[in-house]
Amino acid sequence: MGVSIHATRSSGAGESGIVEPSDADVDQFIADLTPASRRDSATKLCSLLRVITGAQPRMWGTIIGFGSCHYTYPTGTQGDSPIIGFAPRKGQTTVYLLDGVDSHAEALSALGPHSTGKGCLYLKSVDLVNRTVLTGIITESIRRVTDDDVPGVTLTVTDPL
């Protein structure tokens, strides 16, 4: 089942609690991160995603996102989300995988130090993981989202990569 990106109002969410894209400066957001290790991981991951997607990032609250899609669940719940995105949090960087983490189990076993949530990949440091494996996970997640190949949710790309 897919995963939607939600945030609290304090982290830039709109009235509904759903994060929306803004024109905030991504590079300035990254430059303002502390400590330096957090900024370094965000810089490296943003550069990697720029290469993988060929797109420029946008801020979605405190999430750095690439492309966008509309999701609809059978329950009627719907919203918008980046196709792929990440958030440089204090203790770790969160990579949002809209296709969930279960479909990446084999690749995750070769990634290096990380933890996971339902649709989140948590990285203490981008430098500690296998970048080739990380690239594969991200590329496959993007493919599944853009091909509407995520069970339990209908995905429609609204801003292609």
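Buried means under 20% relative accessible area. The views below come from a predicted model.

**View 1. The buried cysteines C46 and C120.** C120 has a relative accessibility of 14%, which is under the 20% limit, so C120 counts as buried. C46 is buried as well, at a relative accessible area of 1%. The number of disulfides in the structure is zero.

**View 2. The chain and its elements.** The chain contains four helices and ten strands. Starting at the N terminus, their order is β-α-α-β-β-β-β-β-β-α-β-β-α-β. The chain has 161 residues, and 46% of them count as buried. Among contacts in the chain with a separation of 6 or more, 55% are between residues 24 or more positions apart. The accessible surface is about 7700 Å², and carbon and sulfur atoms hold 52% of that surface.

**View 3. The largest nonpolar core.** This core has 37 residues. L45, I64, F86, L111, L121, L123 and L134 have the most contacts inside the core. Elements that each supply at least two of its residues include α2 (36–53), β6 (84–88), β9 (120–123) and α4 (131–146). The largest contribution, six residues, is from α4.

**View 4. Surroundings of L45.** With neighbours within four places in sequence set aside, L45 is in contact with F86, T93, V95, V126, L134 and I138. L45, F86 and L134 are also among the residues with the most contacts inside the largest nonpolar core.

**View 5. The second core.** A separate core is made up of six residues, among them W60, I63, A87 and C120.

Terms used:
Residues are numbered from 1 along each chain as its sequence is written. This is a predicted model: local features need pLDDT of at least 70, side-chain atom pairs count only at pLDDT 80 or more; totals for chains, interfaces and linings use all residues. Side-chain values use heavy atoms; hydrogens and water are left out. A nonpolar core is a set of buried Ala, Val, Leu, Ile, Met, Phe, Trp, Tyr and Cys residues joined through side-chain atoms within 4.5 Å. Buried means under 20% relative accessible area, exposed over 50%, partly exposed in between (1.4 Å probe, protein chains only). Contact means heavy atoms within 4.5 Å. A disulfide is a pair of cysteine sulfur atoms within 2.5 Å. Accessible areas come from the Shrake-Rupley method with a 1.4 Å probe; for residues, only the protein chains shown count as cover.
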